[in-house]
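Please examine the sequence and the model shown here before reading the explanation that accompanies them.

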Amino acid sequence: MKRIVFASFFCLAATAASAQVTVKDPWVRATVPAQKATGAFMKLESGEDARLVAASSPVASVVELHETVMEGDKMRMRAVPSIAIPAGKGAELRPGGHHVMLMDLKGQIKEGDAVPLSLTFETKDGKRQTVELKAPARPLKTMPGHDEPAMKKH
Ligand SMILES: [Cu+2]
């Protein structure tokens, strides 16, 4: 009887491993001195429907999940409880869209720094997975900043 229980346990473990969320191309926007907040961006892929439900980093006292919304012609950010990662489609966290917001920064994040991030994902059936990674810091140059009050069109 015990052997059967162990066998099914290992089967479940194998299934969970194959359903993991993959994090690709993570990066954090470098900051200038005295800047208190910045964003972390990445591509998320998953074989089954999942959500990013929590994030933390030792460089920031407060970490939130944000979306960017247009209010009239202004871009605003607001906290959301989770970011959906549809199976096979994935999600892209980018400036001007969803992102991980690092707030109350403990110091300047310089270009080339490796910023530790801990991301918690949850699948539809409630299984949780935490991914630890280091995201390189780089300046935002050509893309519109998510903290700019409005996108200019010419
Ligand atoms: Cu934000």
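The model is predicted: local features need pLDDT of at least 70 and side-chain atom pairs pLDDT 80 or more, while totals for chains, interfaces and linings use all residues. Residues are numbered from 1 along each chain as its sequence is written, and side-chain values use heavy atoms, with hydrogens and water left out.

The copper ion has as its protein donors His 66 (ND1), Met 77 (SD), His 99 (NE2) and Met 101 (SD), at 2.1 to 2.3 Å. Donors are N, O and S atoms within 2.8 Å of the metal (3.2 Å for Na, K and Ca); water is not among the atoms, so sites may look incomplete. The arrangement is tetrahedral because the 4 donor atoms subtend angles of 92 to 120 degrees, and four donors count as tetrahedral if all angles lie between 85 and 135 degrees. Met 77 lies in strand β5 (residues 74–79) and Met 101 in strand β8 (residues 99–105), 24 residues apart. Strands are DSSP runs (E, at least two residues), numbered from the N terminus. Met 77 is partly exposed, at 28% relative accessible area, whereas Met 101 is buried, at 6%. Buried means under 20%, exposed over 50%, and partly exposed in between (1.4 Å probe, protein chains only).

Strand β9 (residues 114–123) pairs with β10 in the antiparallel sense over 9 bridges; pairing requires at least two DSSP bridges. Strand β1 (residues 22–29) runs parallel to β10, joined by 2 bridges.

How values were computed. Tetrahedral: all angles 85-135°; square planar, octahedral: opposite > 155°, others 65-115°. Helix = DSSP H or I, 4+ residues; strand = E, 2+ residues; numbered from the N terminus.
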